[in-house]
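Here is a short report on salt bridges and packing in one protein. The sequence and model come first.

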Amino acid sequence: MNKYNPQKIEAKWQKEWEKKKRHETKDRAEGKKNFYHLVMFPYPSGDLHIGHWYNFAPADVYARFKKMQGFNVMSPIGFDAFGLPAENAAIKRGIHPRDWTEKNIKKMRKQLQSMGNMYDWSREVVTCEPEYYKWTQWMFLQLYKKGLAYKAKVPANFCPSCKTVLANEQVAGGKCERCDSEVIQKEINQWMFKISDYAERLLKEIDDLDWPETTKIMQKNWIGKSEGYNIKFEIPACSGEIPVFTTRVDTLFGCTYLVLAPEHPFIENHQAEITNYKFVEQYIESSKKKTERDRISEMGEKTGVCLEGVKAVNPVNGREIPIFVADYVLFHYGTGAVMAVPAHDQRDFEFAQKYNLPIKMVICPNYPKNICPILDRAFEDEGFLVDSDRFTGMPSKEARQRIGEWLESRKKAEKKIYYRLRDWLISRQRYWGAPIPMILCQQCGWQPVDEKDLPVLLPALKDFRPTGEGKSPLAKADKFVSVACPKCGGQAERETDTMDTFVCSSWYFFRYADPRNKEMFASKEKLNAWLPVNMYIGGAEHSVLHLLYSRFFTKAMQDQNFIDFAEPFLRLRHQGIILGPDGQKMSKSRGNVVDPDEQVKKYGADAVRMYLCFMGPYNQGGPWNPNGLVGIQRFLQRTWDIINSKTKAKTENQYIEIEKLLHKTIKKVTEDIEGLRFNTAVSSLMILINEISKQPEALKIENWKSIVQLMAPFVPHFAEELWQQLDFKDSVHSQSWPVYDSGLVKEKTALIIVQVNGRVRDKIEVPADLPEGQIRDLAFSSKKAQNWIDGKKPKKIIFVPNKLINIVI
């Protein structure tokens, strides 16, 4: 009997697949529907860690499964190669970022190939190559032409360690997500993408996508739509007014002060009227040292200064109220001013307590039955209006509409919608990124680079370290900077900032459809052949970064008629996180990192693949268990030995029973892979092989054919070798997926669980598909159930065919 040697078998078949170009996909295959399967491409950090394997290997099971189901599957791969990590690593090691990146890509290619995944390497894209970033720059220009790319002086998150600007999404807890340094605020001229123009579409059009609900909610919260009113508060001291946005106009009678953001222009424009302006100015300066997240943190202390000499008038009751400046209000959201209702907003409540401001309750939970409660915190729920003039007694939901309409009729308010989503800041003052294709001429202003001059090549600088002055290292490259103006031909200078690496990854899935096209980022014909992506698999940490930006790019390109679809990814799934054997997050400092290369060397890639599928629900992950991998290796060895024994059945009955189990397994594995429930699919295969091992003679050669096909997506090399040993033609991976016989999977009897108020009280075996009425009779006649029903009339009965009946009394 041949011994199972995974290392030998895997090397053999990887070489064979490459030689025959098994994984290269044609744009059209006769009689087959295209299926675009995609994993989030890796950053070339230097090593594929076990987390990469957990993303890629089980995902490949799904790709192979769809191919065997008859689809023309494209499963490409590439590298997200620009960005800060490579540059920081290169600086640390004293080498050039390109050298570091290319070395890592070369190593990671070999690691990815060792998995046995069906990647079409002929479609590989690398974002730091000029052939790729030419089209990143081209897309920038298309956005610029449509007014979706612009430059403005804006407050920005600046990392003193990385010496560059960061997007809001790249700051976590006031720290840089890359290096964990404290982030400060700086006002810098930055290039922005006007993603806010697409806020409503991004919000509405996510509903129809087959995405995890948690991811949809995260994007909706990030976009943050608010519907309400802009209310005019008159300022008698300067004969002006301050518009204030609120979603809770029903609380307006409880407004006891206004709060302005430190950046609000009213403050600077009315220095003469504000008698304590110097003190206010000092406060504004101190607020600039805080990040946005620090300012809005619920844990932080609320601070502010009263603007003495000016007051506002509450438009519903004519009362004058003080105006404060406080950094917990953000200027870019709404109007940059807040009507403070401390009885019904916790931030306002804490601020009012600190500064001894009135707290007036105008929404009561139990009006008119009882007097309103004394508040120890803000009451933020719905209720009934109290102390609110003509609106007293009205439900708060109704009052929002009535008060809003009343104010509108008096020209004191107008309906308004605001979004929390801010424009995407894409400028980076670093070297290792795609240069921004813009030129500044003193006569003509900012001019786009002519498309025929793309790509604007990233120069090979020796000194690529950041300047620390808020400028990109490219500013030191005179030959790069000095250029003729595309409009007037005069002396001009190139933009020296580079683009955020997320720009590169916001369109890479287009390029896979047509990766060698020199005339366009991809032809419309090939885009329509493959896009949108049918299945996209990657980490949930990209929910409001890459995924949101990719949706924006897709919609912007559709609006300019470059593509014919509005969403990039029809179906999205997230993998979980693999923890160390100690149950902790893997890190070198803890010494609990699992090296996948070592595991492959010891057990083989197929065993690692199958273990990753088996270790737990794919969307959850779990701790790495070395014993689990040993168990998988034994399972494969047992399967190998049984198939190689080729024992024949002694009786027809043996055939029938095993064949029934086989067809139940086909049904289960098919449904489980489709639902990415890889762990239970592998479990079903184990149960099947375990039963066969008890009577290996009870199997026909046709049965083994189906079993090897079922295993093929999980253990592609193993299955290919067994397929050959069983003398079947061609490759197992080009075969049709097994189809179960519904007659063989149908049970003759069913075990019905009898519950009373949700608790199991009995179990009864009945003929399969017995009508509900007969099962009710059997349940009520059960002595065990009768003890709990006790003659009472049921309120309702819940019935699940062939599974349970629940009597609720």
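Arg98 is partly exposed, at 24% relative accessibility. The model is predicted. Arg98 has a salt-bridge partner in Glu102, at 3.1 Å from N to O. Both residues sit in helix H4 (residues 97-114), four residues apart, about one turn of the helix. Glu102 is partly exposed as well, at 39%.

Arg98 also meets Glu129 in a salt bridge. Glu129 lies in the loop between strand E4 (125-126) and helix H5 (130-145), so its pairing with Arg98 ties together parts 31 residues apart in sequence. Glu129 is partly exposed, at 26% relative accessibility.

Helix H21 (residues 652-674) holds another pair, Glu671 and Lys667, four residues apart.

| Salt bridge | N to O distance |
|---|---|
| Arg98 and Glu102 | 3.1 Å |
| Glu129 and Arg98 | 3.7 Å |
| Glu671 and Lys667 | 2.9 Å |

The structure holds 46 salt bridges. A network of them links Arg201, Glu205, Arg551, Lys555, Asp559 and Glu567.

The largest nonpolar core has 175 residues, and Phe510, Phe521 and Phe714 touch the most other members. Helix H2 (residues 50-68) gives the most to this core, with 11 residues. Beyond its neighbours within four places in sequence, Phe510 is in contact with residues including Met139, Phe521, Leu527 and Phe565. Another core, of 56 residues, lies apart; Ala312 and Tyr328 are among them.

Ser287 belongs to helix H9 (residues 277-287). Is Ser287 buried or exposed? Ser287 is buried, because its relative accessible area is 3%, under the 20% cut-off. A polar atom of its side chain lies 2.6 Å from the backbone oxygen of Ile284.

How values were computed. Residues are numbered from 1 along each chain as its sequence is written. This is a predicted model: local features need pLDDT of at least 70, side-chain atom pairs count only at pLDDT 80 or more; totals for chains, interfaces and linings use all residues. Side-chain values use heavy atoms; hydrogens and water are left out. A nonpolar core is a set of buried Ala, Val, Leu, Ile, Met, Phe, Trp, Tyr and Cys residues joined through side-chain atoms within 4.5 Å. Buried means under 20% relative accessible area, exposed over 50%, partly exposed in between (1.4 Å probe, protein chains only). Helices (H or I, at least four residues) and strands (E, at least two) are DSSP runs, numbered from the N terminus. Contact means heavy atoms within 4.5 Å. A polar contact is a pair of N or O atoms within 3.5 Å; within protein, one must be able to donate a hydrogen and the other to accept it, and residues adjacent in sequence count only if both atoms are side-chain atoms. A salt bridge is a side-chain nitrogen of Lys or Arg within 4 Å of a carboxyl oxygen of Asp or Glu.
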